[in-house]
Amino acid sequence: MTSPSLPVTESSYLDIQGALGITKHNGGLSATLEILRLCRVADAQEVLYVGSGIGVGPCVIAGRSRAHVVALDISERMLDWTRQRAQEEGLGDRIETRQGDVLSLPFEADRFEAVLVESVLAFVQDKARAIRECVRVTRPGGYVGMNETVWLLRPPAAKVLEQATALGAYILTADEWQGLWAASGLVDRTSEVASIGLRDEVLSRIQWVGWRWALRAYGRLIRLLREHPESRQAIRDQFRAPSGVVRLMGFALMTGRKPI
Ligand SMILES: C[S@@+](CC[C@H](N)C(=O)[O-])C[C@H]1O[C@@H](n2cnc3c(N)ncnc32)[C@H](O)[C@@H]1O
């Protein structure tokens with residue numbers, strides 16, 4: 001399978017991730033494994049992974065369970081990466097890809113035993129509606145699990161918020177997330193908030209995508225900058241975090257069960 005072609009200019013954070021073939025969420029693999037444990041994914045027959053990115057999450061689930069995994073993403077480019085990754089890991093027959101929006105999931109109600117979402121709702125304004133959709137397609141007795149970025153104490157200064165919004169991200173405080181989660185209608189809810197350590201995050205991101213995919217993404221970045229120097233500024237703007245911002249951020253792992 002050929003890689004998706006590189007663009008001439010890229011503007012949004014997620015477009016750049018799609019062009020480079022690299023996606024991630026805070027907490028990396030260990031956060032994902034914790035959500036899978038809390039959502040009893042090892043016993044599930046059919047699991048929905050919303051916002052598949054380059055496909056790491058769907059491959060982790062398929063590799064650690066017998067479940068049929070449906071990987072959904074709004075971006076066809078991300079779904080190309082997911083199919084490539086699934087094939088490379090010998091999991092192509094276990095992972096089905098589907099284009100769609102978390103705000104209007106293209107599935108009937110009560111279908112999946114677990115619905116997992118990692119670092120997707122940060123990019124969606126109507127988070128309550130996205131949560132309702134995830135609950136709707138979950139089977140009664142099944143689990144919904146989310147990992148989303150939070151501001152740890154309170155929203156940061158206006159300048160930082162502006163930069164987050166420029167990345168297309170609408171980040172809530174941990175308290176705001178916990179309010180949404182309490183209103184989800186799920187029972188047996190869990191909610192854990194963790195801070196982000198810069199060094200651990202860098203290492204966990206490499207562990208998440210794997211060295212081979214990380215090196216390929218780096219190669220694509222070099223090619224993109226060489227062949228399309230006009231992309232340089234867009235990339236610089238997207239990845240320049242205001243100093244100290246990482247200290248303000250954490251992530252919330254939230255799980256719950258749909259009542260029977
Ligand atoms: C930051 S990436 C995280 C990807 C993956 N969960 C991971 O941890 O590697 C966010 C993903 O969500 C997808 N996405 C953004 N908005 C979406 C929406 N409204 N519905 C479905 N997917 C969406 C993006 O295309 C992207 O693949």
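Select helix α2 (residues 28–38) together with α8: the two pack at an angle of about 65°, and their axes are 6 Å apart. That angle makes α2 roughly perpendicular to α8. The model on screen is a predicted one.

Now show the side chains where these helices meet. On the α2 side, pick Gly28, Leu29 and Ser30; on the α8 side, pick Ser204, Arg205, Gln207 and Trp208. By type, the residues of this contact divide into 2 nonpolar, 4 polar and 1 charged.

Next, go to the largest nonpolar core, which has 64 residues. Within this core, select Val47, Val50 and Val115, the members that touch the most other members. In soluble globular proteins, nonpolar side chains tend to be buried together. Centre the view on valine 115 and look for its partners beyond four places in sequence: Leu48, Val50, Cys134, Val137, Thr138 and Val144 are in contact with it.

From there, move to serine 119, in the loop between β4 (112–118) and α5 (127–136). Serine 119 is not a glycine, yet its phi is positive, at about 55°. Is this residue buried or exposed? With 21 other C-beta atoms within 10 Å, against a cut-off of 20 or more, serine 119 is buried.

Then select alanine 164, which is found in helix α6 (residues 158–166). Alanine 164 is buried as well, with 21 other C-beta atoms within 10 Å. Leaving out residues up to four places away in sequence, alanine 164 touches Ala169 and Ile171.

The last stop is strand β7 (residues 187–195), where aspartate 188 lies. Aspartate 188 also has a positive phi without being a glycine, here about 50°. Is aspartate 188 buried or exposed? Its count is 11 other C-beta atoms within 10 Å, and the limit for an exposed residue is 12 or fewer, so aspartate 188 is exposed.

How values were computed: Residues numbered from 1 in each chain as written. Predicted model: local features only at pLDDT ≥ 70, side-chain atom pairs only at ≥ 80, totals over all residues. Axes fitted to C-alpha atoms, helices over the stretch in contact; angles between N-to-C directions. Helix = DSSP H or I, 4+ residues; strand = E, 2+ residues; numbered from the N terminus. Parallel < 35°, antiparallel > 145°, perpendicular 65-115°, else oblique. Contact = placed C-beta atoms within 7 Å. Nonpolar A, V, L, I, M, F, W, Y, C, P; charged D, E, K, R; others polar. Core = buried A, V, L, I, M, F, W, Y, C linked by C-beta atoms within 7 Å.
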